[in-house]
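Trainee: I would like to learn how to read a structure like this one, feature by feature. Where do we start?

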Amino acid sequence: MPDRPSPLVAATGVVLDTRGRVLVLTGPGRSDPELPGGPVRDTETPEEGLARALREGLKLTPATGRLLAVDSRPPGPLGRSQIVHVHLVGPLAAPEAAAVSLPGGDTAEARWLPPEEACALLPARTAPRLRAALAALHTGSFAHLVDGVPQPGSPAGLDPARRLALEHSGTLDPASHRASRPKAVTAASVLFTGPDGRILLVQPAYGRSDRWNLPGGGIDSDLGEIPRAAARREVEEELGLDIAPGRLLAVNWSHKPGRPARIRFLYDGGVLDAPALARIRLDPTELLQWRTVAPADLPGLVKPALRRQITACLTARATGTGPLELHAGRRP
């Protein structure tokens with residue numbers, strides 16, 4: 001085995017700050033702008049090689065994040081093929097991002113660029129790799145590349161028009177078809193009100209804590225969980241209340257370009273009287289606090305799309321209609 005040639009292995013980091021900007025390196029010794037990273041040594045894993053490159057070259061010590069893409073390149077001038085692992089790093093907090101610098105003074109620079117500017121600056125062999133890695137990041141997926149080109153069946157990075165053409169041509173095998181199909185994130189929420197009609201909201205302990213939500217959360221579909229069971233489980237985990245959800249009031253569909261669609265099932269939790277509200281016990285790892293609010297006070301507390309969903313569900317409950325089909329909280 002030692003005398004058999006093997007591919008060169010490298011590890012690249014898509015290093016982000018909290019503003020979503022990408023770290024691009026320029027300066028002496030670099031014929032083109034590049035992403036941080038470098039060759040992986042014989043005894044290293046790609047994660048260890050990337051961590052070393054960040055530590056030695058940029059004095060950065062963040063944990064190497066999840067694998068976004070693998071790019072296989074045909075043999076180049078050295079006569080050996082190359083395999084590049086692309087990992088997420090960060091987002092780095094503002095002080096850590098501001099401290100990033102390269103040796104070499106004014107002629108070596110670490111630049112934080114918006115994604116499109118970074119892709120435009122990077123050379124043609126690298127920019128597609130970054131685009132595919134960012135697509136994998138935004139969709140929670142992975143990109144399979146050969147020389148920067150997403151392959152048929154790649155879960156991320158494949159141009160939607162090309163994916164559609166491949167599907168219609170019948171050239172995708174069943175596994176590749178499933179892998180490349182658009183994905184959706186599903187959740188279940190429960191609408192509770194008090195005797196006075198005020199709506200129960202919860203404040204998350206993660207993400208944007210200034211945004212309040214309905215009780216609920218993600219559906220564990222990989223465990224065979226159905227939306228109604230997820231709604232009951234989430235209410236018990238978050239609030240300490242074991243209450244079977246009532247009827248389905250609405251199903252909401254929302255979508256942002258480049259992201260998975262989000263589907264929310266909204267159930268009627270009924271009216272919680274004072275003793276029931278007093279039994280609420282929050283999971284501190286998920287929620288900071290709860291409160292009840294009048295419908296008129298929803299603006300400023302919840303996102304507009306969720307406010308529209310709540311309003312539509314209150315109407316469906318009061319009129320006995322539904323389930324409603326909603327798109328970002330609106331009737332189609």
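**Reading one model, from a residue outward**

Mentor: Start with Asp-71, which is buried, with a relative accessible area of 0%. Keep in mind throughout that this is a predicted model.

Trainee: In which element is Asp-71 found?

Mentor: Asp-71 is part of strand 4.

Trainee: Which side chain makes a polar contact with that of Asp-71?

Mentor: The side chain of Arg-129 does, at 2.9 Å. Leaving out residues up to four places away in sequence, Asp-71 touches Gln-82, Ile-83, Val-84, Arg-129, Leu-145, Val-146, Asp-147 and Gly-148.

Trainee: Which residues does Ser-72 touch, not counting residues up to four places away in sequence?

Mentor: They are Gln-82, Ile-83, Leu-145, Val-146 and Asp-147. For a distance across the model, take Ala-261: its C-alpha atom is 30 Å from that of Ser-72, and the two residues are 189 apart along the chain.

Trainee: How do I read strand pairing? With which strand does strand 4 pair in the antiparallel sense?

Mentor: Look for the partner strand, the direction and the bridges. Strand 4 pairs with strand 5 (residues 82-92) in the antiparallel sense, over seven bridges. Within that pairing, Ala-69 stands opposite Val-86.

Trainee: And how many bridges join strand 4 to strand 7?

Mentor: Four, and here the strands run parallel. Strand 7 covers residues 143-146, and its Val-146 stands opposite Ser-72.

Trainee: What about a strand's cover? How many residues of strand 10 are buried?

Mentor: Six of its six residues are buried. Check each face separately: Ile-199, Leu-201 and Gln-203 are buried on one side, and Leu-200, Val-202 and Pro-204 are buried on the other. Strand 10 pairs with strand 14 (residues 287-293) in the antiparallel sense, over six bridges. There, Val-202 stands opposite Trp-290.

Trainee: How are pockets found?

Mentor: Rolling a probe the size of a water molecule over the atoms shows where empty space is left. In this model the largest pocket has a volume of about 1300 Å³. Its lining has 35 residues, and the closest to its centre are Asn-213, Ser-254, Arg-262, Arg-264 and Lys-303.

Trainee: How do the residues of that lining divide by type?

Mentor: Twelve are nonpolar, twelve polar and eleven charged. Several elements each supply at least two residues of this lining, among them strand 10, strand 13 (261-271), helix 7 (227-239) and helix 9 (304-319).

Trainee: What is the volume of the second largest pocket?

Mentor: About 840 Å³. It is lined by 33 residues, and Ala-135, Thr-139, Leu-158, Pro-160 and Gly-258 lie nearest its centre. The lining has 17 nonpolar, nine polar and seven charged residues.

Trainee: Which helix gives the largest share of that lining?

Mentor: Helix 4, with seven residues. Helix 3 (115-121), helix 4 (127-139) and helix 5 (160-169) each supply at least two.

Trainee: What should I look for in the backbone?

Mentor: Most residues other than glycine have a negative phi, and most peptide bonds are trans. Check the exceptions. Lys-59 has a positive phi of about 60° and lies in the loop between helix 1 (46-58) and strand 4. Asp-147 has a positive phi of about 55° and lies in the loop between strand 7 and strand 8 (149-150).

Trainee: Is Lys-59 buried or exposed?

Mentor: Lys-59 is exposed, at 68% relative accessibility. Asp-147, at 40%, counts as partly exposed.

Trainee: Which peptide bonds are cis?

Mentor: One runs from Gly-90 to Pro-91, with omega near 10°; Pro-91 is in strand 5. Another joins Gly-322 and Pro-323, with omega about 0°; Pro-323 lies in the loop between helix 9 and strand 15 (324-327).

Trainee: Finally, how many helices and strands are in the protein chain?

Mentor: Nine helices and 15 strands. Of the 332 residues, 40% are buried, and the C-alpha trace spans about 75 × 50 × 35 Å along its principal axes.

Methods
Residues numbered from 1 in each chain as written. Predicted model: local features only at pLDDT ≥ 70, side-chain atom pairs only at ≥ 80, totals over all residues. Heavy atoms only, no water. Contact = heavy atoms within 4.5 Å. 1 Å grid on protein atoms, 1.4 Å probe; cavity = no way out; pocket = protein on both sides within 12 Å on 5 of 7 lines; lining within 4 Å. Points joined across faces, edges and corners; volume = space filled by probe spheres on them. Nonpolar A, V, L, I, M, F, W, Y, C, P; charged D, E, K, R; others polar. Buried < 20%, exposed > 50% of the residue type's maximum accessible area, 1.4 Å probe, protein only. Pairing = 2+ DSSP bridges. Polar contact = N/O pair within 3.5 Å; in protein donor to acceptor, adjacent residues only side chain to side chain.
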